[in-house]
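I opened this notebook to keep a record of what I looked up in one structure, entry by entry. The notes follow the order in which I went through the residues and the chain.

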Amino acid sequence: MRELLIRQKQVLFFIIAGGLSAVVEIGSFKAFSTYLPHFFARETNFHGIHYPLSNIFSTSCGIISNYFLSIWFVFERGKHSKRKEFAYFMGISFVSTLLSLGFFQVFYSFIFRDNISLGFYTLSPEIISKIAAILLVSILNYSVKKKVIFNG
């Protein structure tokens, strides 16, 4: 019973940490996708890739915040050294970033074409695509990080 409660607590903390990291990632994506096109005209469409730098920079912000939230609140230390643990985390996050970028491109190019009004705020297709990509990749992230990095 205690193990079940601990596992549920860990999932809840992972969701909270992931949510906070997603807020960092989406907020920084909004900032980058608003301002970077003023400096890099091809940012909105670089050979068919939409917002590549904004995605990479914002995902990096999300990964870094997620790493610290994960080691502080979600997972217990694994059997790896801090350096090795960080390297594993970054390696898995790099693969996750590639998946997230791919999902974003598919969502933005083919699925989310219109704004969605929430009444008090309107979500643009790029923000909706970013949110959908984050949600899809986060499921994979939890299980891989738990099993590979933090040995849970």
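**Threonine 97.** I looked up threonine 97 and found it in helix H3, residues 82–111, where helices are DSSP runs of H or I with at least four residues, strands are DSSP runs of E with at least two, and both are numbered from the N terminus. The model is predicted, so I noted that local features need pLDDT of at least 70, that side-chain atom pairs count only at pLDDT 80 or more, and that totals for chains, interfaces and linings use all residues. Residues are numbered from 1 along each chain as its sequence is written, and side-chain values use heavy atoms, with hydrogens and water left out.

Threonine 97 counts as buried at 13% relative accessibility; for this term I use under 20% relative accessible area as buried, over 50% as exposed and the range in between as partly exposed, with a 1.4 Å probe and protein chains only. Not counting residues up to four places away in sequence, threonine 97 touches Thr59 and Ile63, a contact being heavy atoms within 4.5 Å.

**Valine 137.** I then turned to valine 137, which is placed in helix H4 and counts as buried at 6% relative accessibility. With neighbours within four places in sequence left aside, valine 137 is in contact with Ser96, Leu99, Ser100 and Phe103. For one of these, phenylalanine 103, I recorded a C-alpha separation of 8.7 Å from valine 137, the two being 34 residues apart along the chain.

**Salt bridge.** How many salt bridges does the rule give? The count comes to one, when a salt bridge is a side-chain nitrogen of Lys or Arg within 4 Å of a carboxyl oxygen of Asp or Glu. The pair consists of lysine 130 and glutamate 25, whose side chains meet at 3.0 Å, N to O. Because lysine 130 lies in helix H4 (residues 125–149) and glutamate 25 in helix H1, the pair ties together parts that are 105 residues apart in sequence. Both partners went into my notes as buried: lysine 130 has a relative accessible area of 0%, and glutamate 25 has one of 9%.

**Loop between H1 and H2.** Tyrosine 51, placed in the loop between H1 and H2, has a positive phi of about 55°, and it is not a glycine either. I wrote down their accessibilities as well: histidine 47 is exposed at a relative accessible area of 63%, whereas tyrosine 51 is buried at 9%. From tyrosine 51 I went on to threonine 34, which lies 17 residues away in sequence and 9.9 Å away in space, C-alpha to C-alpha. Threonine 34 is found in helix H1 and is partly exposed, with a relative accessible area of 32%.

**Helix H2 and the surface.** Serine 70 lies in helix H2 and is buried, with a relative accessible area of 1%. Not counting residues up to four places away in sequence, serine 70 touches Phe75 and Phe89. Phenylalanine 73 is found in helix H2 too, and I traced it to a nonpolar surface patch formed by Leu12, Phe13, Ile16, Leu20, Ile64, Phe68, Trp72 and Phe73, with about 810 Å² of accessible area together. Helix H1 (2–39) and helix H2 (52–74) are the elements that give two or more residues to this patch.

**Whole chain.** The protein chain has four helices and two strands, which run α-α-α-β-β-α from the N terminus on. Its C-alpha atoms fill a box of roughly 50 × 35 × 25 Å, taken along the principal axes, and 38% of the 152 residues count as buried. Of the contacts with a separation of 6 or more, 68% come from residues 24 or more positions apart.

How values were computed:
Patches are made of residues with over 30% relative accessible area and no salt bridge: like charges are joined within 9 Å, nonpolar side chains (Val, Leu, Ile, Met, Phe, Trp, Tyr) within 5 Å. Accessible areas come from the Shrake-Rupley method with a 1.4 Å probe; for residues, only the protein chains shown count as cover.
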